[in-house]
Amino acid sequence: MGPEMLSWLPRDPLAVGSKAPGFTLPSESGRKVKLSAFRSKNVVLVFYPGDDTLICRRQLCEFRDAWPEIHGLNVVVFGVNPGSAESHREFSERHEFPFPLLVDAGQQVAALYNSDGGMVNRTVYLIGPDGLVRYARRGMPQPREVLAAAVGKKRLATSLK
């Protein structure tokens, strides 16, 4: 069986320590977001399958609820999926997300991050200020686990008291 026969299988997330692929995507407000513009920050990318579905809503709401802690840690968060700007805008307004949702038409950026497929593979990345992947995990990791990759567990525990 050749590799093309297995092309539907999800690939592993990008390896920790690898260079994060660059991209520019529009947000729900139409603003262009370029990864390289955030080189001095830690960037969390939450690839999720669909706006306003139960698990996606819960996952993004966890990051929203952790925002007071996230905001002071030199971290920016972006939700990413192929939904339209209008769908993202409605989803964001309904749940008051303090971070942008990026429109990844055709899952082009999801493909760069091994998160594409029939549906987006739910994957969370943290990219450090140096442009390297510091955290990569499928599923719904807790915001604290993701943030610990940015600032270290000891510092995170101190800052979240």
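1. **Basis.** The model is predicted: local features need pLDDT of at least 70, side-chain atom pairs count only at pLDDT 80 or more, and totals for chains, interfaces and linings use all residues. Residues are numbered from 1 along each chain as its sequence is written, and side-chain values use heavy atoms, with hydrogens and water left out.

2. **The sheet.** Start with the strands. Helices (H or I, at least four residues) and strands (E, at least two) are DSSP runs, numbered from the N terminus. Five strands make an open sheet. Their order is E5-E4-E3-E6-E7, and the pairing is mixed. Two strands pair if DSSP finds at least two bridges between them. E5 and strand E7 (133-138) stand at the edges. Each has a single partner strand, so one side of each lacks a neighbour in the sheet. Neighbouring strands are turned by 20° against each other on average, direction ignored.

3. E3 and E6 pair in the antiparallel sense, over five bridges. Which residue of E6 is the bridge partner of Val46? That partner is Val124.

4. **Helices on the sheet.** H3 lies across E4 and E5 and runs at about 170° to E5. H5 also packs on the sheet, where it touches E3, E4, E6 and E7. The direction of H5 makes about 165° with that of E7. For these angles, axes are lines fitted to C-alpha atoms, for helices over the stretch in contact; angles run from 0 to 180 degrees between N-to-C directions.

5. **The buried side of H3.** Helix H3 spans residues 85-95, and its buried residues are His88, Phe91, Ser92 and His95. They cover an arc of only 95° around the axis, which puts them on the same side of H3. The arc is that of the directions from the helix axis to the C-beta atoms. An α-helix has 3.6 residues a turn, so residues three or four places apart point the same way. The buried residues of H3 pack against helix H1 (54-65), strand E4 (75-81) and strand E5 (101-103). Buried means under 20% relative accessible area, exposed over 50%, and partly exposed in between (1.4 Å probe, protein chains only).

6. **His88.** His88 is in helix H3. Its relative accessibility is 0%, so His88 counts as buried. Contact means heavy atoms within 4.5 Å. Not counting residues up to four places away in sequence, His88 touches Glu28, Tyr48, Asp51, Asn81, Gly83, Leu101, Leu102 and Val103.

7. **Two nonpolar cores.** A nonpolar core is a set of buried Ala, Val, Leu, Ile, Met, Phe, Trp, Tyr and Cys residues joined through side-chain atoms within 4.5 Å. The largest has 24 residues. Those with the most contacts inside it are Val44, Leu60, Phe63, Ile70, Val75, Val77 and Phe99. Strand E3 (42-47), H1, helix H2 (67-71), E4, strand E6 (123-127) and helix H5 (143-151) each supply at least two residues of this core. Apart from it lies another core, of 21 residues, among them Ala20, Phe23, Val33 and Val76.

8. **Aromatic pairs.** Rings of Phe, Tyr and Trp (its six-membered ring) pair if their centres lie within 6.5 Å; planes under 30 degrees apart count as stacked, over 60 as edge-to-face and the rest as tilted. The count comes to nine aromatic pairs. The rings of Phe47 and Tyr113 have centres 5.6 Å apart and planes at 35°, so the pair is tilted. Phe47 is in strand E3 and Tyr113 in the loop between H4 and E6, 66 residues apart. Both are buried. The rings of Trp67 and Phe99 have centres 6.0 Å apart and planes at 45°, so this pair is tilted. Ring pairs link Tyr48, Trp67, Phe91, Phe97 and Phe99 into a cluster.

9. **Two positive phi values.** Most residues other than glycine have a negative phi. Glu96 is not a glycine, yet has a positive phi of about 55°. Glu96 lies in the loop between H3 and E5. Gln107 has a positive phi near 55°. Gln107 lies in the loop between E5 and helix H4 (108-112). Which of the two states, buried or exposed, applies to Glu96? At 64% relative accessibility, Glu96 counts as exposed. Gln107 is buried, with a relative accessible area of 13%.
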